[in-house]
Amino acid sequence: MRITRALAAAGLAAAFLIGAAHAPQAVAGELPGDTRFFNNPDSLVNKWVAANPGDSRQQRIASRIASQPQAVWFSRYSPATVTEDVRKVTSAASAKGQTPVLVTYQIPNRDCGGASAGGAPDLASYDTWVRGFAAGLGSGPAVIILEPDSIALISCLSPTELSGRYASLARAATAIHSANPSARVYFDAGHSAWNRAAVQASRLRSAGVLTSGDGIYSNVSNFRRTADEVTFTKSVLAQLGTSSGLTAVIDTSRNGNGPAPDNAWCDPHGRKVGENPTANTGDPAIDAYLWVKPPGEVDGCAGPAGTFAPDYAYELTG
């Protein structure tokens with residue numbers, strides 16, 4: 001993994017005005033430390049574990065990966081069913097008293113045409129898709145990881161496309177908050193070995209994080225060590241201003257051994273799962289460690305991007 005159009009309809013314009021009034025004022029530690037995150041029984045790893053009881057890799061994958069709550073990605077463009085697809089997850093999480101982590105991954109020009117290319121055909125379609133996504137959120141707590149790489153990876157966009165993307169991200173967060181004020185929306189901060197904190201903060205500001213977001217996230221689908229990401233996200237937050245009230249979440253799904261020696265990002269060998277998901281980080285600036293990238297779902301080198309590879313999953317448990 002690694003775009004201005006007018007509002008598509010009067011309804012979206014109204015949603016934008018509502019969101020402007022919302023202007024979330026997040027408070028450090030607003031995600032309770034005893035939050036229990038949702039473990040989706042329909043995840044690829046849980047399905048594999050259930051279907052392969054006699055596999056020699058099954059026990060370790062089950063105990064070390066499938067047992068942990070992981071994010072649910074909405075990466076397939078299906079506007080007709082997205083509301084029901086989201087509602088299925090949020091309803092199941094609510095029934096268990098758990099908080100789902102949901103990833104929107106439909107921004108046009110996704111991944112700048114790389115291994116995870118795809119997304120909505122244009123920004124108007126994306127705006128419509130996001131409203132459908134938001135309609136399935138219900139009223140319970142939810143963590144939304146808004147469009148991985150959408151702010152860190154912009155090299156393929158023209159200035160006009162970039163302006164359109166930033167505006168659409170702000171509208172997306174606004175639509176989510178309007179549908180469910182209990183949802184917390186986190187914007188893309190890349191990771192500690194990508195853009196400088198000042199550069200990323202400037203981009204985040206342009207994308208509306210100060211008025212539409214609750215925080216930022218880092219290290220999604222990457223391998224940077226947690227301590228480095230804590231330092232980096234705090235630097236980005238400082239650039240955004242101490243009065244912003246924004247906080248951060250960090251993807252620890254595959255950073256147990258840190259990055260590969262050559263900083264390879266596409267299914268490098270020798271990596272390991274990191275800290276288990278928790279909202280009890282002991283740091284008021286860091287809301288949670290999350291498994292945003294489900295361990296074993298590959299980047300596109302050990303198999304098609306997003307598919308589950310048991311050999312790679314097993315290696316991550318070592």
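1. Start with the salt bridge between Lys-293 and Asp-299 in this predicted model. Their closest N and O atoms are 3.5 Å apart. Lys-293 has 9% relative accessibility and counts as buried. Asp-299 is buried as well, at 4%.

2. Lys-234 pairs with Asp-283, with 2.6 Å between the closest N and O atoms. The link joins distant parts of the chain, 49 residues apart: Lys-234 sits in helix H9 (residues 226-240), Asp-283 in the loop between strands S6 and S7. Lys-234 is partly exposed at 35%. Asp-283, at 18%, counts as buried because the cut-off is under 20%.

3. Lys-88 and Asp-42 form another salt bridge, 3.4 Å from N to O. Here too the partners lie in distant parts of the chain, 46 residues apart. Lys-88 belongs to helix H4, and Asp-42 to the loop between helices H1 and H2. Lys-88 is exposed at 54%, while Asp-42 is partly exposed at 36%.

4. The structure holds nine salt bridges. Asp-55, Arg-57 and Asp-311 are linked in a network of them.

5. Now strand S4, residues 183-188. Six of its six residues are buried. S4 runs parallel to S3, joined by four bridges, with Tyr-186 as the bridge partner of Ile-145. S4 also pairs in parallel with S5, over three bridges. There, Phe-187 stands opposite Ile-216. S3, helix H6 and S4 make a right-handed β-α-β unit.

6. Check the largest cavity. Its volume is about 40 Å³. The lining includes Phe-37, Phe-38, Gln-70 and Trp-291. By class, the lining has nine nonpolar residues, one polar and no charged.

Technical notes:
Residues numbered from 1 in each chain as written. Predicted model: local features only at pLDDT ≥ 70, side-chain atom pairs only at ≥ 80, totals over all residues. Heavy atoms only, no water. Buried < 20%, exposed > 50% of the residue type's maximum accessible area, 1.4 Å probe, protein only. Helix = DSSP H or I, 4+ residues; strand = E, 2+ residues; numbered from the N terminus. Pairing = 2+ DSSP bridges. Right-handed = clockwise from strand over helix to strand, strands pointing away. 1 Å grid on protein atoms, 1.4 Å probe; cavity = no way out; pocket = protein on both sides within 12 Å on 5 of 7 lines; lining within 4 Å. Points joined across faces, edges and corners; volume = space filled by probe spheres on them. Nonpolar A, V, L, I, M, F, W, Y, C, P; charged D, E, K, R; others polar. Salt bridge = Lys/Arg side-chain N within 4 Å of Asp/Glu carboxyl O.
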